[in-house]
Amino acid sequence: MEPLLEVKGLTKRFGGLTAVNRVDLAIRPGEVVGLVGDNGAGKSTLIKMISGVYQPNEGEIYFEGRKVEITHPSQARDLGIETIYQDLALAGNLDVPANIFLGREMKRSLLGGLIRVLDQQAMHDASRELLETLDVQFPSLTARIDNLSGGQRQAVAISRALYWRAKLLIMDEPTNNLGVVEQRKVLDLILRLRDQGIPVILISHTMHDVFAVTNRIVVMHRGRKVAEKKTAETDHQEIVQYMVGALDDSRVAEEPA
Ligand SMILES: Nc1ncnc2c1ncn2[C@@H]1O[C@H](COP(=O)(O)OP(=O)(O)OP(=O)(O)O)[C@@H](O)[C@H]1O
Ligand SMILES: [Mg+2]
């Protein structure tokens, strides 16, 4: 199958530090790819180049077979790349529908089109329908986001990505600070997305989660991609060896025959 996203030789330098060093990566529809590595390995920097937060110093990004330059996060979103960061970028003082429609609110006309007002009911109904399809329980959609649990907030963020027809979802540490039940819920949501054909890039330090939901695991170490393994063909111990730099497939690949 053709990759939905392909990056080639992606490099990002911050002054003298090469945070991401010539990374190649391809993501295909319906797969969940784990992106792992120690603190500072370059995971967040890599996905920030894909989501338009940072501009690469070198390398190319292809989306749906076309070369793209993603110069702004809104451009990534327009392409169908939704990124859920740890802080989630939800508005804590607003309710669930307001967050799902933040910046893209539904409006309706009054007085024969003279004025346009927010269509609260339509946004509420669409939100409820969406969350029902995700099988996430909410006591009340009109609760402030601040009063929801971490897992419910994740569900709102995922709903927002789904509603706006994300083609690729990137999640940076989505299960951090979540309870056990909520972690399970978020992992279930990732599998549901995958089953709908939407690939997910999952950054996580929790090996259990990575092994539970991914098809493939990419390991970064000091900015470089040091391993890419089918999840079924590796184990926790081997991945950790790559994470700490004890194993490195990229060096082997670069050595002359
Ligand atoms: N805006 C920035 N300016 C300067 N250096 C940065 C910047 N962002 C990241 N770095 C550096 O780049 C390297 C990679 O950071 P990055 O955040 O991508 O790591 P990470 O793999 O996501 O780590 P973690 O698991 O801790 O989130 C680190 O050494 C970090 O200090
Ligand atoms: Mg990070």
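Arg-22 counts as exposed, because its relative accessibility is 57% (buried means under 20% relative accessible area, exposed over 50% and partly exposed in between, with a 1.4 Å probe and protein chains only). The model is predicted: local features need pLDDT of at least 70, side-chain atom pairs count only at pLDDT 80 or more, and totals for chains, interfaces and linings use all residues. Residues are numbered from 1 along each chain as its sequence is written, chains are lettered from A and ligands numbered from 1 in the order in which they are written, and side-chain values use heavy atoms, with hydrogens and water left out.

Arg-22 sits in strand 2 (residues 17-27). Helices (H or I, at least four residues) and strands (E, at least two) are DSSP runs, numbered from the N terminus. The phi of Arg-22 is near 45 degrees, a positive value in a residue other than glycine. Most residues other than glycine have a negative phi. Glu-64 also has a positive phi, near 50 degrees. Glu-64 lies in the loop between strand 4 (58-63) and strand 5 (66-68). With a relative accessible area of 38%, Glu-64 is partly exposed.

Ligand 1 is surrounded by 13 residues (a residue is near a molecule if one of its heavy atoms lies within 4 Å of it). The closest are Asn-39, Gly-40, Lys-43, Thr-45 and His-205. The shell divides into five nonpolar, six polar and two charged residues. Here Ala, Val, Leu, Ile, Met, Phe, Trp, Tyr, Cys and Pro count as nonpolar, Asp, Glu, Lys and Arg as charged, and the others, Gly among them, as polar.

Polar contacts are pairs of N or O atoms within 3.5 Å. A backbone N or O atom of Gly-40 lies 2.8 Å from an oxygen atom of ligand 1. For Ala-41, a backbone N or O atom lies 3.2 Å from a ligand 1 oxygen. Thr-45 places a polar side-chain atom 2.6 Å from an oxygen atom of ligand 1. Taken alone, ligand 1 exposes 640 Å², and the protein buries 61% of that (Shrake-Rupley method, 1.4 Å probe). Strand 2 and helix 1 (43-50) are the elements that give two or more residues to the shell. Helix 1 supplies the largest share, three residues.

Leu-114 is found in the loop between strand 7 (107-110) and strand 8 (115-118). Leu-114 counts as exposed, because its relative accessibility is 68%.

Notes: Polar contact = N/O pair within 3.5 Å; in protein donor to acceptor, adjacent residues only side chain to side chain.
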